[in-house]
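Here is a quick tour of one protein model, written for someone who would rather look than read.

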Amino acid sequence: MALKMRMSQARALAAATLLGGRLAPGDLKFDDSWIRSDQSHLLALSKANGPVFKVWHDGKITNCIVGFERCRRFLQANSGSLRADTVDFSKIIPHGFLRAMEGVTHQKYRQLFISAMRGVSLDEHEAELKVIIRRKLSALESDRGVQEMQISQVMKTAATDIMLRLVYGVDANTEFGKIFIAAHDKYVPDAMPMVVRESEILNFAALRQLLEQRMAAISAGDRSAPSLLENIMEKGPPDPTVLGNLVQMVQFGRYDTHGLWRWIVHFMSGQPDLMNAIAAEGDLNQRRKLAHMAVCEVLRMSQAEAIVRIVTKPFLFDGHVFAKRTRVRLCIWESHRDEKSFAAPDEFHHERFQSGMPGADRYAPLGMDHHLCLGASWTYVLGAMFIECLAERFVLRLLRSAPAEMGRYHFEPGGDEVTEFRLRRPGEQPVDTEAPTVRRNCPI
């Protein structure tokens, strides 16, 4: 690995000489364990080195950029020299993962999915979605407290049931739904495989067969739940690339949704006044607005961390050389802690969003370029529904705090956290003054 680092440095220096620029500041250290243990590390480096700096991470020189205006300008100027840093799905999806597509291929498939998603009204699904959430949350009722890993498992099963309904139009409680969930878990329990091996190819093929069975049922008139798949089928038979990306949407949707919901529990357990206000609000539109504001602040505080690209052709940006095969990390978590954009950025204040969403140069939790998250609107609405269900049923209290931990892809609530889920009594709107004072996910 030390030899690889030296060779990478030599290539980067050669590119700097050729292009007449300079490498980004920052010392390359062989030990990159900080990425899994210290969420504030890159923020500290940006304060020491400036908004563009380099580190060694996961076997590559990684150029980090902090600040949304700078990040957006970087993407706009250099999109043709970058590719997504993601798994190669070409063995199972002909044109690959939508997130990694570029050019006309990306435009074609992205527009197809955008059009189909517009036809899925979460308002139509809301009653059933809330039934799913409430049913799953009932397993967490406990005055003695619930361990974070149990919370995570409940959130995951709820998110999985919801994604099956919205994407495939499948009821998770049916025998077919249970088979579908088991097939997804066998393919990859969380999000996506790190490498597509023979086992992933076989398990993905089994999912495709189930998807084709579902398509046959829809064609035969089974349209009990309007879905993304049904909307796509109305435009013609979906090709293997579309079907493959539908599978990945369920995989990522259930992983990212349950991850966000875990952070919602984490932060809402420290916001009794806000939870009481949501529970007591009789105006449904105002209630949804409060919940939406809370979701926005949770996304600003956690979950959204980085956009990562690989340099395919060397170039200059703001005087710095970005050499071929180096990685670029556009720092989302750090950029949301800009004191010029958000006063007291390490504190939770949902009121920041009282007047609406900030501009893209201040707030960008779900992407910034042509790969902006397709499910962004679903993220906000499902998060708000989840908060409403939490508030109407429970009074939350954090019994034991724990530092955030690096999970499969990003930081998650600490596994040793314990949260009390006490049933809210009819008409109850207490402010829990006994809740411990905790600096919530603020390692700085």
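Predicted model: local features only at pLDDT ≥ 70, side-chain atom pairs only at ≥ 80, totals over all residues.

As a reminder, strands of a sheet pair through backbone hydrogen bonds, either parallel or antiparallel.

For a closer look, pick strand 5 (residues 306-311) and strand 8 (residues 327-331). The two pair in the antiparallel sense, over 5 bridges. Which residue stands opposite R327 of strand 8? That would be I310.

## Helix 7 and helix 11

Next, find helix 7 (residues 148-168) and helix 11 (residues 240-268). Their axes come within 8 Å and cross at roughly 140°. An angle over 145 degrees would count as roughly antiparallel, and this one is therefore oblique. The crossing of helix 7 past helix 11 is right-handed. What kinds of residues make up the contact of helix 7 with helix 11? By class, there are 15 nonpolar, 5 polar and 4 charged residues.

## Helix 7 and helix 8

Helix 7 also crosses helix 8 (residues 175-187), with axes that come within 11 Å and an angle of roughly 110°. Angles of 65 to 115 degrees count as roughly perpendicular, so that is the label for helix 7 and helix 8. Here too, helix 7 passes helix 8 in a right-handed crossing.

If you want to colour the contact, helix 7 brings K156, T160, D161, L164 and Y168. On the helix 8 side, they meet G177, F180, I181, H184 and D185. Sorted by class, the residues of this contact divide into 4 nonpolar, 3 polar and 3 charged.

## Two loop aspartates with positive phi

D58 is worth a click: its phi is near 55°, a positive value in a residue other than glycine. You will find D58 in the loop between strand 1 and strand 2. Buried or exposed? D58 counts as exposed because its relative accessibility is 53%, and the cut-off for exposed is over 50%.

D318 has a positive phi as well, near 50°, and is again a residue other than glycine. D318 lies in the loop between strand 6 (315-317) and strand 7 (320-322). With 38% relative accessibility, D318 counts as partly exposed.

## A buried asparagine

Last stop: N203, which is found in helix 9 (residues 198-219). Why does N203 count as buried? Its relative accessible area is 15%, and buried means under 20%. Leaving aside residues up to four places away in sequence, N203 touches K186 and Y187.

Methods
Residues numbered from 1 in each chain as written. Heavy atoms only, no water. Helix = DSSP H or I, 4+ residues; strand = E, 2+ residues; numbered from the N terminus. Buried < 20%, exposed > 50% of the residue type's maximum accessible area, 1.4 Å probe, protein only. Contact = heavy atoms within 4.5 Å. Axes fitted to C-alpha atoms, helices over the stretch in contact; angles between N-to-C directions. Parallel < 35°, antiparallel > 145°, perpendicular 65-115°, else oblique. Left-handed = near helix turned anticlockwise from the far one by under 90°. Nonpolar A, V, L, I, M, F, W, Y, C, P; charged D, E, K, R; others polar. Pairing = 2+ DSSP bridges.
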